[in-house]
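This briefing covers the pockets of one protein model. Please look at the sequence and structure below before reading on.

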Amino acid sequence: MKRKPFTIFKAVVKALVLREVQTRFGSQKLGYLWAIIDPMAMIVVFSFIKTIISHASMPGIDYPVFLATSFLAYNLFKNISLRTIEAFISNKGLFVYKQVKPFDTLVSRAIVESLIIGVVTIIFICIGLYFGFDMEVKDVNMVILGFLWIGVFGFGLGLLFAVIGTFYENFKKIIRLMFLPLFFLSALVYTVESLPPIARDIILFNPVVHFIEFIHGSFFPELDTKYVDFTYMAFWTLIPFFLGLWLYIKSERKIVMS
């Protein structure tokens, strides 16, 4: 009995997800722990820095919780975007099987990154409740939407980066370099409201800021989403995704043969 294309797609992605997990964590005894330690260390460091340089805190907000929402959302976006860049190269040997398409490897990596962030988020919530942090959420549905949206945004960029990066090695290096300043320019450790007007106008050109502000404004009752431009977010979600998809369809054979 001939299987339907979507049935084959699901079976291939499931197998690739298991392979990805084994490849990423199987050879490292503390591999799973690093997924938690990395954002936890950033929360501790930036909380300490804020305590040293400024005693003024965000009224009504536990700063470590603010940082946790920032880093979890940003890591989801960053990890999906950057890890999908190498998906074609890393899984090149599998393309000899006609059932495995290069696009499947992107989907599997995005699923693995989403699962990791999901598990880390649950652990962080447990830690926050145990230590008595204020975990009140203004709108859970909007927070979940924010995380899903920034994940889709990261996948669209990752798809575009992966296709271009297959043919231009230096492009991947440039993208990785761009993520270094992006960490400090994405309103992860501060709010847009706290910036001077001119800095506020400039930083709002960064689409990641809108996603982070959306999540912060939906999570904390003390914050709002007045600086979030949903049209701008939709633009940055749809254009890279469809451009990347168009380039992928045009280049799939070359990607397999590269």
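**Pockets in the predicted model**

Helix 5 supplies the largest share of the lining of the largest pocket, eleven residues. The model is a predicted one.

**Largest pocket**

- The volume of the largest pocket is about 880 Å³.
- Its lining consists of 33 residues, and those nearest the centre are Leu-72, Ile-117, Thr-121, Ile-125 and Phe-147.
- Two or more lining residues come from each of helix 2 (31-53), helix 3 (63-83), helix 5 (102-130) and helix 6 (140-167).
- Sorted by class, the lining of the largest pocket holds 27 nonpolar and six polar residues, with no charged residues.

**Second largest pocket**

- For the second largest pocket, the volume is about 440 Å³.
- A set of 21 residues lines the second largest pocket, and Met-178, Leu-182, Asn-206, Pro-207 and Trp-236 lie nearest its centre.
- At least two lining residues each are given by helix 6, helix 7 (169-184), helix 8 (197-203), helix 9 (207-219) and helix 10 (230-257).
- Helix 7 contributes the most to this lining, with five residues.
- The class count for the lining of the second largest pocket is 20 nonpolar residues, one polar residue and no charged residues.

**Helix 6 in both linings**

- Helix 6 is among the elements that give two or more residues to the lining of the largest pocket, and helix 6 also supplies at least two residues of the lining of the second largest pocket.

Key. Residues numbered from 1 in each chain as written. Predicted model: local features only at pLDDT ≥ 70, side-chain atom pairs only at ≥ 80, totals over all residues. Heavy atoms only, no water. 1 Å grid on protein atoms, 1.4 Å probe; cavity = no way out; pocket = protein on both sides within 12 Å on 5 of 7 lines; lining within 4 Å. Points joined across faces, edges and corners; volume = space filled by probe spheres on them. Helix = DSSP H or I, 4+ residues; strand = E, 2+ residues; numbered from the N terminus. Nonpolar A, V, L, I, M, F, W, Y, C, P; charged D, E, K, R; others polar.
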